[in-house]
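Hi everyone, thanks for letting me take a few minutes today. Please have a look at the chain on the screen, and then we'll walk through some of its residues together.

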Amino acid sequence: MAISLDDLPIRDDLRGQSPYGAPQKKVPVALNVNENTHPIPEDVARDIVESLAAAVLDVNRYPDREFTPLREALARYIGHGVQADQIWAANGSNEVIQQILQAFGGPGRSVLGFPPTYSMHSIITRGTGTEWLEGRRDAGFDISPDTVRAEIERTDPDIVFLCAPNNPTGTPLELDTIEAAYEASRGIVLVDEAYFEFMPADRPSAVTLLDGRPRLLVSRTMSKAFAFAGARVGYLAADPAVIDALRLVRLPYHLSSLTQAAAVAALRHADEMLAMVDDIKAQRDRIVHELTELGYKPWPTWSNFVLFGGVDDPHAVFEALLARGIIVRDLSIPGHLRVSAGTEAETTAFLNALRDIR
Ligand code: PMP
């Protein structure tokens with residue numbers, strides 16, 4: 001007889017929770033999980049394959065537990081004087097965030113987040129037995145220094161999660177809001193910069209605030225701008241003492257030797273990998289422009305996706321697009337859908353289908 005999850009002796013606090021829910025469908029135009037839809041350049045792919053071939057010869061041995069060459073390559077890529085002993089990496093920034101909560105969260109501790117935000121922030125928080133608290137945003141999904149201060153004072157969290165630019169809204173976050181959060185809080189402040197590379201080039205990263213702020217953590221990922229989502233590489237820049245804390249909770253050898261080799265090879269070609277970013281930004285801006293012409297209400301965005309309102313029946317539009325081989329994201333925000341910027345052809349297919357449906 002089939003049993004359900006509720007019949008199992010699962011933790012009480014997990015009962016009734018939902019898993020991460022983005023549908024995975026094989027469709028010609030997938031614009032629902034903010035991937036980089038551009039394949040990596042062929043010569044970079046060749047170099048990665050060569051590195052993997054060399055790594056395979058050692059695959060009988062456990063990998064370098066400290067993934068030193070990868071941490072050095074990431075430190076070089078981040079710049080701003082960040083050193084390898086300030087870097088951590090894991091299988092996607094999701095795993096980095098999980099390790100942060102294993103070290104700094106847990107039962108009896110709390111995280112303050114600012115919805116609407118990345119759904120995994122609350123799922124990972126609850127999964128580690130940590131309490132999830134919600135702060136309010138200002139108009140336009142902004143968070144001002146005054147608002148962040150007030151929400152931290154109201155909730156007194158152990159950890160504050162900020163997302164810059166924010167998913168799913170695309171909203172940037174000013175550095176003075178991050179500074180205000182740091183000063184107002186007694187605990188960890190994590191800035192999730194998964195979409196950092198899609199911001200205007202002159203916009204500073206929270207990494208520039210790390211000096212003298214040992215409770216500030218900045219996570220990023222190779223999944224988006226670097227077109228490396230399938231390889232699973234996310235990373236963190238923080239004080240070396242924070243990295244020591246993560247060593248206490250990571251599983252030994254959590255980052256496979258193949259992952260390490262592929263990521264180091266890709267980082268050797270950072271400029272070439274990031275050459276796609278300008279085109280993605282152009283497609284994103286085109287989506288904003290054309291959605292506005294169609295009478296929708298796209299929010300200003302600094303990432304590789306667009307959240308747009310003015311959708312009478314988001315679920316019906318989602319289904320109508322799906323019937324045309326295009327998947328976008330229905331996030332249950334009333335009147336809204338989110339779409340990732342695709343290649344020029346994918347973006348055209350999406351816009352044409354939407355015109356057709358309208
Ligand atoms: N942070 C944000 C804001 C995201 O949108 C995502 C992916 N959608 C991630 C982190 C996780 O990415 P990954 O685990 O692939 O690094």
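Let me begin with a question: where is the place of Ser257? Ser257 sits in helix H8. Before I go on, this is a predicted model, in which local features need pLDDT of at least 70 and side-chain atom pairs count only at pLDDT 80 or more, while totals for chains, interfaces and linings use all residues. Residues are numbered from 1 along each chain as its sequence is written.

Is Ser257 exposed, buried or partly exposed? Ser257 counts as partly exposed because it has 19 C-beta neighbours inside 10 Å. The rule is that a residue is buried with 20 or more other C-beta atoms within 10 Å of its own, exposed with 12 or fewer, and partly exposed in between, with the C-beta atoms placed from the backbone. Leaving aside neighbours within four places in sequence, Ser257 is in contact with Ala55, Asp58, Val59 and Pro63. Contact here means that the two C-beta atoms, placed from the backbone, lie within 7 Å. Ser257 and Pro204 are 53 residues apart in sequence, and their C-alpha atoms are 33 Å apart in space.

That takes us to the helix pair. Two packed helices are described by the angle between their axes and the distance between the axes. Here, helix H1 (residues 42–56) packs with helix H8 (residues 257–268) at an angle of about 145 degrees, and the axes are 8 Å apart. The axes are lines fitted to C-alpha atoms, for helices over the stretch in contact, and angles run from 0 to 180 degrees between N-to-C directions. Which residues meet? On the H1 side they include Val44, Ile48 and Leu52, and on the H8 side they include Leu258, Ala261 and Val264. By class, the contact of H1 with H8 has 11 nonpolar, two polar and two charged residues. In that count, Ala, Val, Leu, Ile, Met, Phe, Trp, Tyr, Cys and Pro are nonpolar, Asp, Glu, Lys and Arg are charged, and the others, Gly among them, are polar.

Next, the record. UniProt, in an unreviewed entry, places the feature "domain: Aminotransferase class I/classII large" at residues 29–354. UniProt positions are in the numbering used here, feature names are shortened, and annotations may be inferred rather than shown by experiment. Over residues 29–354 the chain is 41% helix and 14% strand, and the end C-alpha atoms are 13 Å apart.

The unreviewed UniProt entry also places "modified residue: N6-(pyridoxal phosphate)lysine" at Lys224. Lys224 is in the loop between strand S7 (216–221) and strand S8 (234–237). Why is Lys224 called buried? Because 26 other C-beta atoms lie within 10 Å. Not counting residues up to four places away in sequence, Lys224 touches Asn34, Asn36, Ala194, Tyr195 and Asn304.

Now Asn94, in helix H3 (residues 93–104). Asn94 counts as buried, with 21 C-beta neighbours inside 10 Å. Apart from residues up to four places away in sequence, Asn94 touches Met120, Ile124 and Gly234.

Ser205 is in the loop between strand S6 (188–192) and S7. Ser205 counts as buried too, with 21 C-beta neighbours inside 10 Å. Setting aside residues up to four places away in sequence, Ser205 touches Glu193, Phe196 and Val218.

Let me finish with the backbone. Which bonds are cis? One joins Ala164 and Pro165, with omega about -5 degrees, and the peptide bond from Asn167 to Pro168 is cis with omega near 15 degrees. Pro165 lies in the loop between strand S5 (159–163) and helix H6 (175–184), and Pro168 is found in the loop between S5 and H6.

Phe141 has a phi near 65 degrees, a positive value in a residue other than glycine. Phe141 is in the loop between strand S4 (131–134) and helix H5 (145–155). Ser332 has a positive phi of about 60 degrees although it is not a glycine. Ser332 is exposed, with 10 other C-beta atoms within 10 Å.

Terms used:
Helices (H or I, at least four residues) and strands (E, at least two) are DSSP runs, numbered from the N terminus.
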